[in-house]
Amino acid sequence: MTSYLPQNEGYLQYWLLLLSIVSLGNSIQSYLTTSYTRRIYSAPSTTVTPLHARTFGTYTAIAAIIRFYAAYNITDPVLYQLALWTYVVALGHFYSEWLAFKTARWGEGLAGPVVISVGSLWWMLWVWEEYVR
């Protein structure tokens with residue numbers, strides 16, 4: 001079973017793999033229902049449509065694919081940077097929806113993705129030199 005896991009040293013690659021799998025599950029869920037997406041975009045004046053949920057799911061699927069490839073090719077500088085940028089874009093999106101557009105409210109729906117994005121971004125920047133050669 002371990003032969004299917006990324007083979008480089010360190011734990012970041014496993015984290016990226018885990019998040020890619022979770023994100024892919026979230027993408028599928030976004031195509032099936034709007035319930036999770038409504039938890040993020042929960043401001044009273046916000047309406048989450050099925051189209052909005054599917055668009056969110058599509059972006060999340062693209063990010064999951066990039067993170068998956070980065071997990072298995074963690075020393076590739078291009079894939080590492082692309083994975084890092086997925087977190088930057090996610091943070092920019094979540095913060096803008098919360099602070100600028102007021103479509104999201106701070107709570108369990110928004111806190112999870114923000115904490116994961118901030119933590120992952122910090123970790124990737126912290127260990128950059130260990131992986132990108």
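Contact here means heavy atoms within 4.5 Å. The structure is a predicted model, in which local features need pLDDT of at least 70 and side-chain atom pairs count only at pLDDT 80 or more, while totals for chains, interfaces and linings use all residues. Residues are numbered from 1 along each chain as its sequence is written, and side-chain values use heavy atoms, with hydrogens and water left out.

Not counting residues up to four places away in sequence, Leu16 touches Arg67, Ala70, Ala71, Ile74, Tyr87 and Met124.

Buried means under 20% relative accessible area, exposed over 50%, and partly exposed in between (1.4 Å probe, protein chains only). Helices are DSSP runs (H or I, at least four residues), numbered from the N terminus.

Helix α3 has 23 residues and reaches 33 Å from its first C-alpha to its last, close to the 33 Å expected at 1.5 Å a residue; the expected span is 1.5 Å times one less than the number of residues. Its buried residues include Phe56, Thr60, Arg67, Ala70 and Ala71. The cover over the buried residues of α3 includes α1, α2 (35–40) and α4.

Thr60 is found in α3 (residues 50–72). Thr60 counts as buried because its relative accessible area is 9%. A polar atom of its side chain lies 2.8 Å from the backbone oxygen of Phe56. Beyond four places in sequence, Thr60 touches Ser23, Asn26 and Ser27.

Another threonine, Thr103, is in the loop between α4 and α5. Thr103 is buried too, since its relative accessible area is 19%. Not counting residues up to four places away in sequence, Thr103 touches Tyr41, Ser42, Ala43, Thr46 and Glu97.

The aromatic rings come next. Rings of Phe, Tyr and Trp (its six-membered ring) pair if their centres lie within 6.5 Å; planes under 30 degrees apart count as stacked, over 60 as edge-to-face and the rest as tilted. The count comes to ten aromatic pairs. Trp15 and Trp123 form a tilted pair, 6.2 Å centre to centre with 45 degrees between the planes. This pair links distant parts of the chain, with Trp15 in α1 and Trp123 in α5, 108 residues apart. Trp15 is partly exposed, at 25% relative accessible area, and Trp123 is partly exposed at 25%. The rings of Trp122 and Trp126 are stacked because their centres are 5.2 Å apart and their planes are at 20 degrees. Both lie in α5, four residues apart, about one turn of the helix. Trp122 is exposed at 52%, and Trp126 counts as exposed at 63%. Elsewhere, ring pairs link Tyr41, Phe56 and Phe94 into a cluster.

Key: Helix = DSSP H or I, 4+ residues; strand = E, 2+ residues; numbered from the N terminus. Polar contact = N/O pair within 3.5 Å; in protein donor to acceptor, adjacent residues only side chain to side chain.
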